[in-house]
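Visitor: Please take me through the labels used for this model, setting each one against its definition.

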Amino acid sequence: MWRTSLIQRLNDGPEPFDLSYIASSWNHDGDPVELLQINDSVAKFKQTLKENPRFLQDKVKHYFKENTHRLTLSMSPDEVYLEKQAKAEEEKLQKKIHALSDSDKKDIYEKGLELLAAQSKTQDASCLPALKVSDIEPTIPVTPVQISTAVGVPVQYCEQPTNGLVYFRAMCSLNTLPEDLRLYVPLFCSVVTKMGCGGLDYRQQSQQMELRTGGSTQVVPDSTQLDMYEQGVLLSSSCLERNLPHMFHLWSDIFNNPHFDEVERLRVLVMMSAQELANGISYSGHMYAMTRAGRHLTPAGDLNETLGGMEQVKFMKRVAELSDLSQVIRTLVRIKKHLLNPDNMRCAINTTPQKMSDTAAQLESFMKDVADNRKERKPVRRAHKWVTEGKMEQNFQPCQMKTFFQLPFPVHFISESIRTVPFSHHDYASLCILARMMTAKFLHGEIREKGGAYGGGARMGGGLFSFYSYRDPNSVQTLSAFRRGVDWAKSGQFTQQDIDEAKLSVFSAVDSPVAPADKGMGRFLSGVTDEMKQNHRERLFAVTHQSLVEVAERYLGVGQRTCGVAILGPENEAIKKDPSWIVK
């Protein structure tokens with residue numbers, strides 16, 4: 001136990017590193033210090049590889065190819081598996097019921113009442129050790145950054161103790177992208193660094209990438225207005241300092257000459273992406289439900305559903321079923337012209353002070369190379385200054401919407417989202433505390449302990465107050481629990497200790513350790529400065545019992561709110577018969 005505790009304390013230190021890999025060997029009397037001396041192990045490996053260039057091939061041959069100790073397991077789907085499972089469960093249940101006497105049934109019923117009474121009883125947590133709100137630091141440490149340009153492209157430089165690594169990010173705006181290309185952007189992000197580039201095919205590119213590279217879609221709500229947001233793609237990579245020229249050379253090839261014409265490679269990546277999205281629903285169904293519930297509440301919520309919700313899952317399924325990918329290839333090329341464009345970019349560098357000057361020079365050379373390669377092309381309108389000023393959806397009208405997705409799951413994933421206020425609003429902090437307190441003091445007991453769901457709660461973010469449940473045997477009953485949670489909050493049936501516990505929980509997330517690689521990223525990605533974070537922090541400290549009741553009445557009450565609801569789960573006859581639901 002003390003070993004685990006020590007590892008946890010090391011991981012939670014001022015500069016967190018994942019040390020959990022040493023636990024297994026240490027627990028079996030291995031030497032933890034030897035495992036921490038990674039450089040010695042790398043040097044030994046290099047020497048072994050120098051003495052025997054086929055060292056890795058020999059190990060693969062010995063342990064895999066010629067290893068006769070193996071098990072081959074094949075699995076095939078059964079179309080009536082769920083029906084068989086339900087039938088077997090019902091037969092088992094009926095068998096057990098028939099075996100019960102009247103006194104057994106009475107005993108079970110009385111124990112059920114005892115359990116319900118115990119679950120409804122307020123627990124005494126006063127005997128548990130706890131921090132106090134006064135123990136929390138009143139101010140945040142300032143992260144200094146320098147703002148400059150490289151060939152006209154805004155760049156944020158942040159000097160950090162990165163242990164010999166250079167971290168590069170490029171935010172590429174999508175504000176000039178035509179609407180018909182939006183659905184394809186996640187696929188573009190998935191394949192752009194895996195198709196080959198320049199003189200390299202995808203295998204050679206993979207072998208030469210001794211770094212982490214990739215792209216991800218970003219939808220950043222404006223911190224002051226709910227109907228403004230920034231849309232973009234975040235490109236990121238990291239490398240050892242000595243590999244810096246090589247990293248930017250690879251990015252130059254990706255920007256200037258990506259290989260989108262490798263049809264079979266693209267087909268494999270499309271199939272993989274579609275399968276990963278489909279598989280992810282059973283693990284993150286509550287996230288998909290929350291994304292869908294927020295679709296009709298804010299413009300950013302609408303775009304989040306397009307790029308990362310059920311709409312994207314269905315779209316990728318259709319793309320994976322295409323026999324001809326030529327149109328997809330043409331679309332990826334069109335996206336590349338808008339996306340990989342210095343006029344629509346801003347960059348960020350995190351590295352050591354000693355390496356910052358060299359990194360800035362390498363970045364300047366990279367941006368010049370990309371800009372020169374585009375000189376003969378038609379320019380695309382510049383989309384931003386430093387942080388893109390945001391895209392306003394002038395015609396967006398929030399509306400109520402209830403959507404049900406029938407899926408082959410035995411349980412439900414449920415969410416109800418309510419349009420509230422942006423990050424800089426004075427009520428945002430109170431809603432954050434309310435979500436945390438409601439989760440711990442009401443929703444957990446109602447949804448998990450009484451309702452039998454694996455998990456449930458509320459969260460605040462992106463201008464939306466969202467309820468959710470995870471692997472839930474109930475459906476519309478859980479929506480009733482959400483409404484009872486609002487009534488509980490409006491009635492003020494919570495103590496100052498409940499509020500303090502919620503504040504401590506929120507601050508544990510606000511003050512969670514930030515790795516050197518990620519310092520300054522809040523400002524870079526969303527324009528949230530240290531001053532804005534400090535103002536939010538002060539508003540969190542200032543939350544009171546009265547302010548919590550007021551925000552519950554002002555934003556969450558039935559007559560005041562605009563909300564969206566989404567449920568993912570098995571066939572539901574009650575929902576099918578209700579005309580207020582859209583069934584997918």
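Visitor: Why is Val 42 called partly exposed?

Guide: Val 42 has a relative accessible area of 36%, and the class partly exposed lies between buried, under 20%, and exposed, over 50% (1.4 Å probe, protein chains only), so Val 42 counts as partly exposed. The model is predicted, so local features need pLDDT of at least 70 and side-chain atom pairs count only at pLDDT 80 or more, whereas totals for chains, interfaces and linings use all residues. Residues are numbered from 1 along each chain as its sequence is written, and side-chain values use heavy atoms, with hydrogens and water left out.

Visitor: Which residues make a nonpolar surface patch of about 350 Å²?

Guide: Tyr 21, Leu 36, Ile 38 and Val 42 make that patch, where the term joins nonpolar side chains (Val, Leu, Ile, Met, Phe, Trp, Tyr) within 5 Å, and like charges within 9 Å, among residues with over 30% relative accessible area and no salt bridge. Val 42 itself belongs to helix α4 (residues 38-51), helices being DSSP runs (H or I) of at least four residues and strands runs (E) of at least two, numbered from the N terminus.

Visitor: How many aromatic pairs does a search of the whole structure find, and what makes Phe 168 and Phe 248 an edge-to-face one?

Guide: The search finds 18 aromatic pairs. Phe 168 and Phe 248 are 5.2 Å apart centre to centre, with 75° between the planes; rings of Phe, Tyr and Trp (its six-membered ring) pair if their centres lie within 6.5 Å, and planes count as stacked under 30 degrees, edge-to-face over 60 and tilted for the rest, so this pair is edge-to-face. Since Phe 168 lies in strand β3 (residues 165-173) and Phe 248 in helix α10 (residues 244-256), the pair ties together parts that are 80 residues apart in sequence. Both Phe 168 and Phe 248 are buried.

Visitor: Why is the pair of Phe 188 and Phe 260 called tilted?

Guide: The planes of Phe 188 and Phe 260 stand at 45°, with 5.7 Å centre to centre, and the pair is therefore tilted. Phe 188 in helix α8 (residues 185-191) and Phe 260 in the loop between α10 and α11 (263-293) are 72 residues apart. Phe 188, with a relative accessible area of 0%, is buried, and Phe 260, at 4%, counts as buried too.

Visitor: What makes β10 and β13 edge strands?

Guide: The open sheet has six strands in the order β10-β11-β9-β12-β8-β13, with mixed pairing. β10 (455-461) and β13 (582-583) each have a single partner strand, so one side of each is left without a neighbour in the sheet.

Visitor: How do you know that β10 pairs with β11?

Guide: Two strands pair if DSSP finds at least two bridges between them, and seven bridges join β10 to strand β11 (residues 464-472), the two running antiparallel. Met 460 has Phe 465 as its bridge partner in β11, and Gly 461 has Leu 464. On strand β9 (residues 412-419), which pairs with β11 in the antiparallel sense over seven bridges, Ile 418 has Phe 465 as its bridge partner.

Visitor: Why is β11 described as largely enclosed by the rest of the structure?

Guide: Eight of the nine residues of β11 are buried, so the description holds.

Key:
Areas by Shrake-Rupley, 256 points an atom, 1.4 Å probe, with all protein chains shown as cover. Salt bridge = Lys/Arg side-chain N within 4 Å of Asp/Glu carboxyl O.
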